[in-house]
Amino acid sequence: MTRQLSPALLQRERSALVVIDMQERLMPAIADADAVTRAAGILIEASRQLDVPVVVTEQYPKGLGPTVDAIASRLPNDAAVVEKMTFSAARNFDFASRIDGFKAEGRDHIVVCGVESHVCVMQTAADLDAQGCTVHVVADACSSRAPASKKAALARFGALGLSRVTTEMVVFEWLEAAGTPEFKAVSRLVR
């Protein structure tokens, strides 16, 4: 008997992770920056262990600096780092090409985290949704300078019908089951 799987749940074979603008000169101004960096780091490490591709964006790195070391040092070797000037990464040719490549591989579930929730994360998520991706915004791995801006962004994600998830939701949906070698390795990340 074949059972129908919920399309609302993430599947690692259909997923890609996008980490937005977690940069040296921006992160010190971000509310709950340490918690957001920790959560994004867990997502990156889970992606590495579960073969989920990763794309990192950097908004105007000449002014905002590179991706913070706590994130950059955890990236898989094949992770793409895309420099951009547009607030929506989806309006950047290099980023859009990567997303098109993921979609061609059947990876249409895009997990999004980073900063700032109400600007670059919001605009990227909305554009990815418009391009036919299933977007999952990781609430505990996103933030803004002002908590009220993050709160407004989360409400708008909901109004747009975008999935709002947590780091643990992503990790355990990617894992699907306990008792596997992957489960033992990856579940340690969230302890």
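This is a predicted model: local features need pLDDT of at least 70, side-chain atom pairs count only at pLDDT 80 or more; totals for chains, interfaces and linings use all residues.

Visitor: In what order do the strands of the open sheet lie?

Guide: Strands of a sheet pair through backbone hydrogen bonds, either parallel or antiparallel. Two strands count as paired if DSSP finds at least two bridges between them; strands (E, at least two residues) and helices (H or I, at least four) are DSSP runs numbered from the N terminus. Here six strands form an open sheet in the order 3-2-1-4-5-6, with parallel pairing. Strand 3 (80–84) and strand 6 (163–165) are at the edges with a single partner strand each, so one side of each has no neighbour in the sheet.

Visitor: Which helix packs on the sheet and touches strand 5 and strand 6?

Guide: Contact means heavy atoms within 4.5 Å. Angles, from 0 to 180 degrees, are taken between N-to-C directions of axes fitted to C-alpha atoms, for helices over the stretch in contact. Helix 6 (residues 147–159) packs there, its direction making about 165° with that of strand 5. Strand 5 (residues 134–143) and strand 6 are themselves joined by three bridges, and H136 stands opposite S163 in strand 6.

Visitor: Is E116 buried or exposed?

Guide: Buried means under 20% relative accessible area, exposed over 50%, and partly exposed in between (1.4 Å probe, protein chains only). E116 lies in the loop between strand 4 and helix 5 (117–130), and at 9% relative accessibility it counts as buried.

Visitor: How are the rings of F172 and F183 arranged?

Guide: Rings of Phe, Tyr and Trp (its six-membered ring) pair if their centres lie within 6.5 Å; planes under 30 degrees apart are stacked, over 60 edge-to-face, and the rest tilted. The centres of F172 and F183 are 6.4 Å apart and their planes at 50°, so this pair is tilted. F172 belongs to helix 7 and F183 to helix 8 (residues 181–187).

Visitor: How many residues has the largest nonpolar core?

Guide: A nonpolar core is a set of buried Ala, Val, Leu, Ile, Met, Phe, Trp, Tyr and Cys residues joined through side-chain atoms within 4.5 Å. The largest has 61 residues, with V19, F95, C113 and L128 having the most contacts inside it. Helix 1 (residues 33–50) supplies the largest share, nine residues.

How values were computed. Residues are numbered from 1 along each chain as its sequence is written. Side-chain values use heavy atoms; hydrogens and water are left out.
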